[in-house]
Amino acid sequence: MHRSIATVSLSGTLRQKLEAVSAAGFGGIELFESDFVNFKGSAGELGRIAADLGLSIDLYQPFRDFEGMPEAQFRRSLERAERKFDLMEAMGAPMMLCCSNTSPLAIDDPALAAAQLHELAERAARRNLRVGFEALAWGRFTSLYGQAWNIVREADHPNLGLILDSFHTLSLKDDPAGIARIPGDKIFFLQMADAPLLSMDVLQWARHHRSFPGQGDLAVVGFFEQVLRAGYTGPLSLEIFNDIFRETPNRRTAVDAMRSLLYLESEAQQRLAAAADTAAVPVPLQRVELFNPPPVPALSGLSFIEFAADESSAGMLGALLGQLGFRRVGRHRSKAVVLYRQGEINLIVNAQPDSFARSRFDAHGTSVCALGVRCADPLAAVDRATAMRSQRHDSPVGPNELRVPAIVAPGGNLIHFVSEALGANGLYEADFILEEDADDAGGAGLTQIDHVALGLAVDQLDTWVLFTRAVLGLEPGESLELADPFGLIRSRGVADAARSVRLVLNVSLSQRTRTARTLSVTGGGAVHHIALRCEDIFESVERLRTAGTRFVPISGNYYDDLATRIDLDPALLARMRAAGVLFDRSPAGDYLHIYTESIEGGLFFELAQRTAGYDAYGALNAPARMASQAQE
Ligand code: MG
Ligand code: MG
């Protein structure tokens, strides 16, 4: 499809926006009028700049408060339209967006609206231009696409068509199913936007909180599917009003934008193909070719976590891992890299002075630089990732070492894809020289990586939600707000369908929280804590305390309160109180967990015991940890 984006969706000057959009591979733009009004140059010059960058100006927008007006205002608006048509001709924009009237002067008369839009289309036709009519969710008398379509049909002019915007339809919970019955060639333009579910005034929601498809909670794929079923062949465009995107570096926003459209196309493609397979009667299929990348990888667990450390912090981290029951099983064949293991948990400490990690992070102290995920077909996973506009990464490989395909995650961490055919620990046996007494005797009952929590800068959360969804096939869970004593943390888990890989994305809305301070050390996109699974948390905690591990102390008031909230066995409550273990319960299961004290750089570990049905991260207990850390 021809992919386009509204200039309002990005930060920067108009020229910078066009350069970012072009670099990300878009074919066109929707020109937002205020971008042009403040542009230093003529319409003709803008048209030439866009053409030089390989961009068409697909739409000029918005033209407001036009239809259904008293005669005098209508005549003045026609003159106003002529001046806009002059500009559109000069810059080479073939279509104007006319959005439904919000003026107090508007008259509730669809026939009048149709007649006036017919006249506007007639004026446009004289110049070989077109007009698209869009229902705004807050339009005075036209707020639904069905109403806008009735007016367009009634107006009956070849140069007048309908503009659809997923936000306006889905924010009002209107059913998009009727779109498929509109003739595809009367849909002139398609604007896609997602948004988080918020209960607020729809105008405020629309102007400040839209997001790219795949970043929010709206049923955007189903909406797009209906438009394709109508036989639509025009541009697929993004129109995103978002306060944070207005600040985010526009090159990153443009890549996110392109990734969101590729994701949207690939999801719709799959749905249509599945519907065609199962339908008893033939399904009318789309008339355009949709992006069809390799499928999302089937993941089967986190294989390893790699830390970047300098020489002294590598020693300290090694000692801490020893306390946590990990044993040193080997050193790398060719690099200053040591492998620690417990159960199926593999932790790699990389003290290689010239490593990728060090060059990216200038590692003072310790930070995570790479994650390994297990999957059936690593090369197909990398192909999926590069198709979705992620960068692949090839590390230098020494003799007798395995090449592990990798990609660069937003912020610079690496994600390696490890073949599950190698078994739980297979990769490492090949790349490491194993040390002698590497038996499991000293372990503390930690069996696998439960989840990895990242601390992200505010403008990285949407980027990460889309990246993990489109590239890794992880679905986002509920978005929670947690209280740190010095500000709010927004937290969102993402996980694969089998729940074998879980990441928790945390954003600090304040500069003063511990999460934010971790970010200032690492520059964002950093692992903030690592949760390790155990089967008997009390047994594991006891062994770790004996070995010298220090845990974040929890207030006795927490346990008094817990007993009032949840009906618990008094013996279990007493055990938790004595051990400092936190508790959460969902209808389907329980979660018991505890946090270690932080190491240099702010990183810490969590021990977690979950019953199968529990599908979250004990996030409601995070304030207990944060308050305790603040009182130290
Ligand atoms: Mg719109
Ligand atoms: Mg956690």
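Contact is taken here to mean heavy atoms within 4.5 Å. The structure is a predicted model, in which local features need pLDDT of at least 70 and side-chain atom pairs count only at pLDDT 80 or more, while totals for chains, interfaces and linings use all residues. Residues are numbered from 1 along each chain as its sequence is written, chains are lettered from A and ligands numbered from 1 in the order in which they are written, and side-chain values use heavy atoms, with hydrogens and water left out.

Under the contact criterion, and not counting residues up to four places away in sequence, Pro553 touches Ser628 and Glu632. Pro553 lies in the loop between α17 (537-547) and α18 (556-565); helices (H or I, at least four residues) and strands (E, at least two) are DSSP runs, numbered from the N terminus. Pro553 counts as partly exposed because its relative accessibility is 46%, where buried means under 20% relative accessible area, exposed over 50% and partly exposed in between (1.4 Å probe, protein chains only). The C-alpha atom of Pro553 is separated by 25 Å from that of Leu509, 44 residues apart along the chain.

Leu509 belongs, with Val458 and Leu488, to a nonpolar surface patch that has about 210 Å² of accessible area together. Patches are made of residues with over 30% relative accessible area and no salt bridge, like charges being joined within 9 Å and nonpolar side chains (Val, Leu, Ile, Met, Phe, Trp, Tyr) within 5 Å. Accessible areas come from the Shrake-Rupley method with a 1.4 Å probe, and for residues only the protein chains shown count as cover. Leu488, in strand β20 (residues 487-495), is partly exposed at 36% relative accessibility.

The magnesium ion (ligand 1) is coordinated at 2.1 to 2.2 Å by Glu134 (OE), Asp165 (OD), Gln191 (OE1) and Glu239 (OE). Donors are N, O and S atoms within 2.8 Å of the metal (3.2 Å for Na, K and Ca); water is not among the atoms, so sites may look incomplete. The donor residues of ligand 1 are spaced E-x30-D-x25-Q-x47-E in sequence. Asp165 lies in strand β6 (residues 160-165) and Gln191 in strand β7 (residues 187-192), so this pair ties together parts that are 26 residues apart in sequence. Both Asp165 and Gln191 are buried.

The magnesium ion (ligand 2) is coordinated by His451 (NE2), His529 (NE2) and Glu606 (OE), at 2.1 to 2.3 Å. Along the chain, the donors of ligand 2 follow the spacing H-x77-H-x76-E. Distant parts of the chain are linked by His451 in strand β18 (residues 446-456) and His529 in strand β22 (residues 526-534), 78 residues apart. His451 and His529 are buried.

Two donors of ligand 1, Gln191 and Glu239, are also among the residues in contact with Gln61, as are Ala6, Glu30, Leu31, Phe32, Glu33 and Leu97, leaving aside neighbours within four places in sequence. Gln61 is found in strand β3 (residues 56-63) and counts as buried because its relative accessible area is 2%. The side chains of Gln61 and Glu30 are joined by a polar contact of 2.9 Å. A polar contact is a pair of N or O atoms within 3.5 Å; within protein, one must be able to donate a hydrogen and the other to accept it, and residues adjacent in sequence count only if both atoms are side-chain atoms.

Backbone geometry was examined as well. The peptide bond from Gln61 to Pro62 is cis, with omega near -5°, and Pro62 is found in strand β3. Asp65, in the loop between β3 and α4 (71-91), has phi near 50°, a positive value in a residue other than glycine. Lys173 likewise has a positive phi of about 60° although it is not a glycine; Lys173 lies in the loop between α7 (166-171) and β7 and is exposed at 74% relative accessibility.

A search of the whole structure finds 32 salt bridges, each a side-chain nitrogen of Lys or Arg within 4 Å of a carboxyl oxygen of Asp or Glu. Glu82 forms one with Arg127, the closest N and O atoms being 2.7 Å apart. Glu82 lies in helix α4 and Arg127 in the loop between α5 (110-126) and β5 (130-134), so the pair ties together parts that are 45 residues apart in sequence. Both Glu82 and Arg127 are buried. In the salt bridge of Asp561 with Arg565, the N to O distance is 2.9 Å. Asp561 and Arg565 lie in helix α18, 4 residues apart, about one turn of the helix.
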